[in-house]
Amino acid sequence: MEEQKLNAYGMKPLTAKDYFVYGLGNFGSQLSWTMVSTYLSIFYTDVFGLGTGAVALLMLIAKVWDGINDPMMGTIMERTHTKYGRFRPYIFVGAIFLVIFTVLTFTVPGFGGPAKLVYAYITYIGLGMSYTVTNVPYLALPVVMTRDPKEINKLNAAQMMGMTIGQIVLNLAVLKLVLWFGKGDQAAGYQATAILLAVIALPIFWAVAIMSKERITVKKENQGKISEGLKRVFTNKNLVCAMLYCFFNMFGMLGRISVAVYFYMHCVQNFTFITVFMMMQMIVGTIIMPFTPKVIEKLGKRNTAILSMIIQGGSLIVLFFGPYENIVFDFVILVIYGLGYVAGPCGAGMMVDAIDDFDDKYGYRNDGMAFSFQGTAIKIATAIANSLFLVVMGAFGYVGGGEITAHVQTGINIASNLLPGIVYFIGIIPLLIYNLDKPGYMEGVRVRLTERDTKRHTITAEGEVQA
């Protein structure tokens, strides 16, 4: 048999198929996540028949449970040992429940009263838990697929491309599908659309679970007690800095998305370009994402992330002060804002570096718990940002259906542009503290980890590390 070429870390290099399949997973995630984050509120109020107060309370309770649920999932993942790996079995099984609960969440039951509200709670919380079971192990996969930092960057860039393409496709297609399937019946339209997306998503997740091989194993005795694992997450300075960067990045990005439509409707006042404006940063991000690994290779993950935060924060602040009624000006600024997506893989990549560095120093890995806390941070950031930016608009007198005065426009502009811009600049602070981007440092860490694993395990011709 012809000997297979191994990389500097003693493993078979990943192929284009590996990157494609892994990136496809986040496209599959968006078939649920974007459907829910963009359309569930309007489905609950306008189709399902819930009041805005009931919807707000439901989503708040679900987010609080998510904050508890994600670290629990990370702890379970870290203590799972099967012949298929620690993470892939959860993706395979979790995907089944994710698509089922996506369909159930967008289904109006044939009964009313309190039982209908209970149905909404069960299906939406079940959907959130299913998403956690599927997505937390998915995001953690690169750390067990390879030790090569360039390959990790490419994997994370691939999943970010899958995310942006999925968001664009969903934003363009969902309402058209609802109208086409429903033919005047919105309830039937949403349910049929959810079923179609589920049929597409399930084989995508299964392909990721089957084909994205876990090639780095962790011995059971290297994981320690759960309480110690929690402590180590927060004593790992660089890991905390990477998570804080992700928190502020998502706070600015997702918080702005939640209120940007108000800005385009009531400040720009051009309904023709609302959809294009809402997707502009995703379109630009999809175009530049293939170049991200080269940019990171040149600048390093930390400096790429800092550059991104400056681009995004600066462009929003310019939009706040600029002549936003001018469509050409808006297009130019939003294209510049979209260039900030160049740092999409940096957060996950810096977390991987921090996990490997901690493993090298102390002999413990807490990858599952770390990525679960990242998921919690993103959900908390989204919940706080949504509430805060809406409160600011309300403080300036915004009322649905009310008069849009110049004072109200100022409040909308502050919430949509100035505050997210400031948040991006705050997110630079933890990046300045993060210190694993020194030239050659992480290469040395991974060489030592490879040497250690070689002593403990047998590396096959395929470059897989086996016990």
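Q: Is the crossing of helix 9 and helix 16 left-handed or right-handed?
A: A crossing is left-handed if the near helix is turned anticlockwise from the far one by less than a right angle, and right-handed if clockwise. In this predicted model, helix 9 and helix 16 cross in the left-handed sense; helices are DSSP runs of H or I with at least four residues, numbered from the N terminus.

Q: At what angle do the axes of helix 9 and helix 16 cross?
A: The axes, lines fitted to C-alpha atoms over the stretch in contact, have angles from 0 to 180 degrees between N-to-C directions. Those of helix 9 (residues 237-268) and helix 16 (residues 406-426) cross at roughly 160° and come within 9 Å. That makes helix 9 roughly antiparallel to helix 16 (over 145 degrees; under 35 is roughly parallel, 65 to 115 roughly perpendicular, and the rest oblique).

Q: Which residues of helix 9 meet helix 16?
A: Among those in contact (heavy atoms within 4.5 Å) are Phe248, Arg256 and Tyr262 of helix 9, while the partners in helix 16 include Gln409, Pro420 and Tyr424. The residues of this contact between helix 9 and helix 16 divide into 14 nonpolar, seven polar and one charged (Ala, Val, Leu, Ile, Met, Phe, Trp, Tyr, Cys and Pro are nonpolar; Asp, Glu, Lys and Arg are charged; the others, with Gly among them, are polar).

Q: How are helix 3 and helix 4 placed?
A: The axes of helix 3 (residues 88-105) and helix 4 (residues 114-140) come within 8 Å and cross at roughly 150°, and the two helices are therefore roughly antiparallel to each other. Their crossing is left-handed, and the residues that meet include Phe97 and Leu98 in helix 3 and Tyr124 and Pro137 in helix 4. By class, the contact of helix 3 with helix 4 has 15 nonpolar, seven polar and no charged residues.

Q: At what angle do helix 6 and helix 7 pack?
A: Helix 6 (residues 149-182) and helix 7 (residues 186-211) pack at about 125°, with their axes 7 Å apart, and are therefore oblique to each other. Helix 6 and helix 7 have a right-handed crossing, in which the contact includes Leu170 and Phe181 of helix 6 and Tyr190 and Leu196 of helix 7.

Q: What is the mean pLDDT of the protein?
A: The mean pLDDT (the predictor's confidence in each residue, from 0 to 100) is 83, and 91% of the residues reach 70 or more. Over residues 458-463, however, pLDDT stays under 50.

Q: Which rules apply to the numbering and the values?
A: Residues are numbered from 1 along each chain as its sequence is written, and side-chain values use heavy atoms, leaving out hydrogens and water. In this predicted model, local features need pLDDT of at least 70 and side-chain atom pairs count only at pLDDT 80 or more, whereas totals for chains, interfaces and linings use all residues.
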